[in-house]
Protein chains: 2
Amino acid sequence: MTPDRRPSEPRPADTVAAGRPQRPRDPQARRRALATAVLEVVAEVGIGRTTHRAVAARAGLPLGATTYYFPTLDDLIAAGLRHATELLDAELRSWSDRLATAPDPTAALVQLVAAYLADRQRATIEYELYLAAARDLTLRPLAETWLHGLRGLLEAYVDGADAPAVVALLDGAMLQALVTGTDLDTAGLRTAVRRLTRRPG
Amino acid sequence: MTPDRRPSEPRPADTVAAGRPQRPRDPQARRRALATAVLEVVAEVGIGRTTHRAVAARAGLPLGATTYYFPTLDDLIAAGLRHATELLDAELRSWSDRLATAPDPTAALVQLVAAYLADRQRATIEYELYLAAARDLTLRPLAETWLHGLRGLLEAYVDGADAPAVVALLDGAMLQALVTGTDLDTAGLRTAVRRLTRRPG
DNA sequence: CTCGCTCTTGTACATCTGTACAAGATTCGT
DNA sequence: ACGAATCTTGTACAGATGTACAAGAGCGAG
């Protein structure tokens, strides 16, 4: 991963490449393209098998572009992570808007969860990154964005003390759906959420 | 991963190594040592970065031992997976015994979950494999062992229709504890489980 | 224009990886 | 005893990988 390298005196011009065609400059677009490509590669092969070359190929860019913008592989993956966090943030904001205008927030919430799972690939990436946070502290921000964001979202609708359990329930239900490849049991989930949020007599 | 290899005529004796000391033979022990080493390596670096050499080093065996018993890397990792499945099976059986004699099954269940999480490393591995099942069908058996095992376990104590929700809740709670590195909120989990299992009036 | 900066691309290379395999060591049936 | 099967270990090698870097292209300031 980070092999030792003995200091070598500057190599002589190894190769003289002839006049090269170049695509127009657009650093911002390249950064974005690389970040989203990271997520796609992670979705396919997992974080551990994500490589510079796979990302470059996926983004349709030469290998050198990856190391130019993200000097190290960790930087590259971190860029993907940052992008995922932004996507998640946006997702949570849209959930917030949706819930605010729903007549039955519980039903709407379960509906949102089901819709989220419809994009299997994206959900898989985010859960993979989420779980990887158990090992890699760099990934904690994503986990916290999700957990705290969802928890904060719920606190507008249910007793604050109940929110953690509801989040756990939803998280577990999503995890199971992903892992088994089955669809979410929306009806069951709705009644479970209602039970968790009904104030005890 | 599986590079093409042109058929090469048998290489001449590349090297002549002198008389080598050998450890006593014990194939079964080696298979076991390799399988558990796989799990340890997976816990540290994830499935994707698990290599023959890392496993061999962790098991204290020479590289050749890995390929002798498990010809391919997939075989090696599958062996770890099989081992994990057995561990999980045993764990579930022990839970079953424990619950059978508990005066308050709900409290006992939450206690078992907390105890399970005490071994962070092991829990992390199993959840990583669990989630990896979302991408890799080979890993489904582990996921199903856990899901169905736990669900079946619960059905002795709660209404069958409530079991899935309780499993989801517990799964989500464990995932969150792993991901955030915090301890389980056992009190909150107990009341949540009770709410999910209390028959509606 | 020309200098100097940023961006683009191709390529080099040390190291790691999966896997093959030869040469010994041990065990066991005969 | 002895030969075959099994196990152990070291080593080889082709390909993949992270990263460095040189050569060139585009572009703005003076």
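1. In this predicted model, chain A superposes on chain B through a rotation of 179° with 0.0 Å of shift along its axis, and the RMSD of that superposition is 0.1 Å. The two copies are thus related as by a two-fold rotation axis. The same surface serves both copies, since 100% of the contact residues of chain A recur in chain B.

2. Turning to the interface itself, 33 residues of chain A are in contact with 33 residues of chain B. On the side of chain A that touches chain B, α6 (120–132), α7 (140–154), α8 (163–180) and α9 (186–197) of chain A each supply at least two residues, and the largest share, 13 residues, comes from α8(A). By residue class, that side of chain A divides into 20 nonpolar, seven polar and six charged residues.

3. The helix α8 deserves a separate remark in chain B, where it covers residues 163–180. Just after α8(B), Gly181(B) takes a positive phi of about 75°.

4. Within chain A, the axes of helix α4 (residues 73–100) and α6(A) come within 11 Å and cross at roughly 115°, and the crossing of these two helices is left-handed. The contact brings Leu81(A), Ala84(A) and Leu88(A) of α4(A) together with Ile125(A), Glu126(A) and Leu129(A) of α6(A); its residues divide into five nonpolar, no polar and one charged. The spacing of such contact positions can be read against helix geometry: an α-helix has 3.6 residues a turn, so residues three or four places apart point the same way.

5. A last point concerns Ala108(B), which is found in helix α5 (residues 105–118) of chain B. Ala108(B) has 17 C-beta neighbours inside 10 Å and therefore counts as partly exposed, given that a residue needs 20 or more to be buried and 12 or fewer to be exposed. Leaving aside its neighbours within four places in sequence, Ala108(B) is in contact with Arg98(B), Leu99(B) and Ala102(B). Ala108(B) and Leu131(B), by comparison, are 23 residues apart in sequence and 26 Å apart in space, taken from C-alpha to C-alpha.

Terms used:
Residues are numbered from 1 along each chain as its sequence is written. Chains are lettered from A and ligands numbered from 1 in the order in which they are written. This is a predicted model: local features need pLDDT of at least 70, side-chain atom pairs count only at pLDDT 80 or more; totals for chains, interfaces and linings use all residues. Two residues are in contact if their C-beta atoms, placed from the backbone, lie within 7 Å. Helices (H or I, at least four residues) and strands (E, at least two) are DSSP runs, numbered from the N terminus. Ala, Val, Leu, Ile, Met, Phe, Trp, Tyr, Cys and Pro count as nonpolar, Asp, Glu, Lys and Arg as charged, and the others, Gly among them, as polar. Copies are superposed by least squares on the C-alpha atoms of residues with pLDDT of at least 70 in both. Axes are lines fitted to C-alpha atoms, for helices over the stretch in contact, and angles run from 0 to 180 degrees between N-to-C directions. A crossing is left-handed if the near helix is turned anticlockwise from the far one by less than a right angle, and right-handed if clockwise. The expected span of a helix is 1.5 Å times one less than its number of residues.
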